[in-house]
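Please find below a colleague's note on the model under review.

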Amino acid sequence: PPLSEVLNLHDFEYIAKLVMPEKGWAYYSSAADDEITHRENHAAYHRIWFRPRILRDVTQVDWSTTILGHKSSMPIYISATALGKLGHPDGELNLTRAAAKHGIIQMIPTLASCSFDEILDSAKPGQVQFFQLYVNKDRNITKRIVQHAEERGIKGLFITVDAPQLGRREKDMRMKFEAEDPSEVSKAGSDGVDRTQGAARAISSFIDPGLCWNDIKWFKSITSMPLILKGVQCWEDAMEAYDYGLAGVVLSNHGGRQLDFSRSGIEVLAEVVENLKKRRGLSFPNDKFQLFIDGGVRRATDILKAVALGATAVGIGRPFLYAFSTYGEDGVNKALQILHDEFEMNMRLLGAPTLRNVVPEMVDISNLRSH
Ligand code: FNR
């Protein structure tokens, strides 16, 4: 169908399933085990209801924000997703270009199909980008990657902490991964590639399951980029991250691709905000320690619920993959335009002229808990 018929982010998934090559569809859409967490990620948003306010002047509405001190036209960023070329020959560059056009931030994955430098070179001067890090067993490799990222001007290092081992994604495992085209995976760190268990397993054997809190000190000694842990799933670990002096955490279960029956990011967010207020006197959002969430975000209303609860911004993964797999960069631009339009309308209907007016009292979370 022509792009003009795409009305929301769900449509991209529907079309991707129809038109994408099997291998790419399996890798992008798959999630762990019975995919319960994958479904819960989106479903959890259905348990939160709005309490809009009336008679506030919403002639002008503004949903721009700052993420780790950098301007963003929306409270979202493009989350790191590996292997962009399984969906489109330009891979991650589709995201880089669309992010520039719309003034949002792209998180570049360690396992991008395009090389890191190619992605940086295709960015506009001054374009802010983050980097997602998988930590190699060989710390010298990791050190080189991190310091290169900093030299090239990366503004935030998101260390993935929910993948000491890759989850079982059975849809993907059924596809024997044959990287006929070596350019599908950049050299970012893949050694000992096992091609018999799907794309995910094939590229991830270098990741260090020995990573622990002690390593945080080491990271601080090799870089001055803000450090954020991606994949925190309870308030205890969020508080530990704060106590270690990190810049923030992403409350995430990796799009349901790791531990099945992990809770949704939005549910964990409510718990983290409550406990860090009680135990550390923090209120959110704040500039010192920022909360991000991702997983299952498909509508501006989802994003506004997260902002109301205290998130600085939310990450979006699959919708952008499906958008460029079906329509290239135009698809990503369209996805961002859709979110833009949804923000404008929903902020008016909420009675919130700016994101500062999107407060906890605007959401009813009495049904949020999954138990
Ligand atoms: C991911 N994600 C991910 N995360 C990460 O830290 N490193 C990675 O290499 C990848 N790769 C990856 C590939 C694919 C195909 C998907 C779908 C996801 C997780 C990603 O950053 C994010 O947490 C989720 O995608 C968010 O959920 P949604 O928006 O896809 O529902």
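**Notes on the predicted model**

1. Glu-35 is placed in the loop between H2 and helix H3 (36–43). Glu-35 has a positive phi of about 60 degrees, although it is not a glycine. Helices (H or I, at least four residues) and strands (E, at least two) are DSSP runs, numbered from the N terminus. Residue numbers start from 1 along each chain as its sequence is written. The model is a predicted one, in which local features need pLDDT of at least 70 and side-chain atom pairs count only at pLDDT 80 or more, while totals for chains, interfaces and linings use all residues.

2. Pro-285 belongs to the loop between H11 and E10.

3. The sheet is a closed barrel of 8 strands in the order E4-E5-E6-E7-E8-E9-E10-E11, with parallel pairing. Neighbouring strands of this sheet are turned by 30 degrees against each other on average, direction ignored. Two strands pair if DSSP finds at least two bridges between them. Axes are lines fitted to C-alpha atoms, for helices over the stretch in contact, and angles run from 0 to 180 degrees between N-to-C directions.

4. Opposite Leu-251 stands Ile-293 in E10. Helix H11 (residues 265–280) packs on the sheet and touches E9 and E10, its direction making about 160 degrees with that of E10. Residues are in contact if their C-beta atoms, placed from the backbone, lie within 7 Å.

5. Helix H10 (residues 235–243) packs against H11 at an angle of about 50 degrees, the axes being 9 Å apart. H10 is therefore oblique to H11; angles under 35 degrees count as roughly parallel, over 145 as roughly antiparallel, 65 to 115 as roughly perpendicular and the rest as oblique. The crossing of H10 and H11 is right-handed. A crossing is left-handed if the near helix is turned anticlockwise from the far one by less than a right angle, and right-handed if clockwise. H10 contributes Trp-235, Ala-238, Met-239 and Tyr-242 to the contact, and H11 contributes Glu-271, Val-272, Asn-275, Leu-276, Arg-279 and Arg-280. The residues of this contact comprise 6 nonpolar, 1 polar and 3 charged. Ala, Val, Leu, Ile, Met, Phe, Trp, Tyr, Cys and Pro count as nonpolar, Asp, Glu, Lys and Arg as charged, and the others, Gly among them, as polar.

6. H11 also meets helix H12 (residues 300–309), their axes coming within 10 Å and crossing at roughly 15 degrees. H11 is therefore roughly parallel to H12, and their crossing is left-handed. From H11, Ile-266, Leu-269, Ala-270 and Val-273 meet Lys-305, Ala-306 and Leu-309 of H12. This contact has 6 nonpolar residues, no polar and 1 charged.

7. The axes of helix H4 (residues 93–102) and H13 come within 9 Å and cross at roughly 10 degrees, so H4 is roughly parallel to H13. The residues in contact include Leu-95 and Ala-98 of H4, and Phe-320, Phe-324 and Val-332 of H13. By class, the contact of H4 with H13 has 6 nonpolar, 4 polar and 3 charged residues.

8. Which residues are closest to the ligand? They are Ala-82, Thr-160, Gly-255, Gly-317 and Arg-318, in a shell of 25 residues that surround the ligand. Helix H2 (22–29), strand E11 (313–316) and helix H13 (318–350) are the elements that give two or more residues to this shell. The shell divides into 9 nonpolar, 12 polar and 4 charged residues. A residue is near a molecule if its C-beta atom, placed from the backbone, lies within 6 Å of it.

Key
Contact = placed C-beta atoms within 7 Å.
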